[in-house]
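Biologist: Let us go through this model together. I will ask what lies behind each label, and you give me the grounds.

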Amino acid sequence: MSIQIAGLSKKLGKQLVLNDVNLEIGAGEIVGFLGPNGAGKTTTMRILTGSLAYEVGSVRVCGLEVKEDRTQTNALIGYLPENNPLYQEMYVREYLDFIAGIYGIKADRKDLIEEIIDRVGLSPEVHKKIKQLSKGYKQRVGLAQALLPNPKVLILDEPTTGLDPNQLEEIRTLIKGIGADKTVLLSTHILQEVKAICNRVVIIHKGEIAADVKLQNGESVDMPLEDMFRKITKI
């Protein structure tokens, strides 16, 4: 299994944000992590990436416990956080070279960067500073940096927030292509996003896993995804 979460609970202050979360994701799956704002999606992802500590439960990435092997699990994960922090004054290629250095990538570094620039469709904008890019191209830069270490697991937190319709379609197609050879956990509150990209959906509500279903052609075989989401969240 690429991701194994068992009995995970987490409090932030006095608030119970996650309550006995159990989740397994196998290699090659593209899983939509769906839920309303505040459901616990980002907290779960932050724990998976090692940026938020946990005390109760087990969280494993490719068999390694995150809190015991954080350096090793970080090397297996590519992460695009919701706010996509970037160095705005850097040029695209300069930034990716900087990130590759942080990852300790030395062999064939230049060729690797050019390959990823081409893969995520950044070539037309590569001569610009990041601050000059549209939101869609900034998201591509974020995806590029997440792909640099050739991770086994890609974790994307609300990757299409704020994009226009054309950018939405392009980023969704890009993510689906990336998922052909990686495990992808994609958080969103947009049902159409899950239908367009994912082959499985996990719905989290009030810190608990409320549904976990396979999708066929973007739908659950049991009931329409919209009805399922509405029933669970009462929205």
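Predicted model: local features only at pLDDT ≥ 70, side-chain atom pairs only at ≥ 80, totals over all residues.

Biologist: What makes strand E4 and E5 a pair?

Modeller: At least two bridges are needed for a pair. E4 (residues 56-61) and E5 have two bridges, in the antiparallel sense.

Biologist: Which helix packs on the sheet there, and which strands does the helix touch?

Modeller: Helix H1 (residues 41-48) packs on the sheet. H1 touches strand E1 (3-12), E2 and E4. The directions of H1 and E1 make an angle of about 115°.

Biologist: In what order do the strands of that open sheet run?

Modeller: The order is E2-E1-E4-E5, four strands with antiparallel pairing. Strand E2 (15-25) and strand E5 (64-65) are the edge strands.

Biologist: Why are E2 and E5 called edge strands?

Modeller: Each of them pairs on one side only.

Biologist: Now strand E9. Why is E9 described as largely enclosed by the rest of the structure?

Modeller: Buried means under 20% relative accessible area. Six of the six residues of E9 (residues 200-205) are buried, so E9 is largely enclosed by the rest of the structure.

Biologist: Which way do the residues of E9 point?

Modeller: Arg200, Val202 and Ile204 point one way. Val201, Ile203 and His205 point the other way. All are buried. In a regular strand, side chains alternate between the two faces of the sheet.

Biologist: What are the grounds for calling His205 buried?

Modeller: The cut-off is under 20%. His205 has 17% relative accessibility, so it counts as buried. Beyond its neighbours within four places in sequence, His205 contacts Pro36, Ala39, Ala210, Ile232 and Thr233.

Biologist: How do you know that E9 pairs with strand E3?

Modeller: A pair takes at least two bridges. E3 (residues 30-34) and E9 have four bridges, in the parallel sense. Leu34 stands opposite Ile203 in E9.

Biologist: In what sense do E9 and strand E10 pair, and over how many bridges?

Modeller: E9 and E10 (residues 208-214) pair in the antiparallel sense, over six bridges. Lys214 in E10 is the bridge partner of Arg200. The hairpin of E9 and E10 has two residues between the strands, and Lys206 takes a positive phi near 50° there.

Biologist: Where does Gly40 lie, and is it buried or exposed?

Modeller: Gly40 lies in the loop between E3 and H1. At 6% relative accessibility, against the cut-off of under 20%, Gly40 counts as buried.

Biologist: What is Gly40 in contact with, neighbours within four places in sequence aside?

Modeller: Gly40 is in contact with Val17, Leu18, Phe33 and Ile204.

Biologist: Step back to the whole chain. How many helices and strands are there in the protein?

Modeller: Eight helices and ten strands.

Biologist: Why is the protein called as compact as a globular protein of that length?

Modeller: The globule rule gives 18 Å for 235 residues, and the radius of gyration is 18 Å, so the protein is as compact as a globular protein of that length. Buried residues make up 51% of the 235 residues. The C-alpha atoms fill a box of roughly 50 × 40 × 30 Å along the principal axes.

Notes:
Residues numbered from 1 in each chain as written. Heavy atoms only, no water. Buried < 20%, exposed > 50% of the residue type's maximum accessible area, 1.4 Å probe, protein only. Contact = heavy atoms within 4.5 Å. Axes fitted to C-alpha atoms, helices over the stretch in contact; angles between N-to-C directions. Rg over C-alpha atoms; globule rule 2.2 N^0.38 Å.
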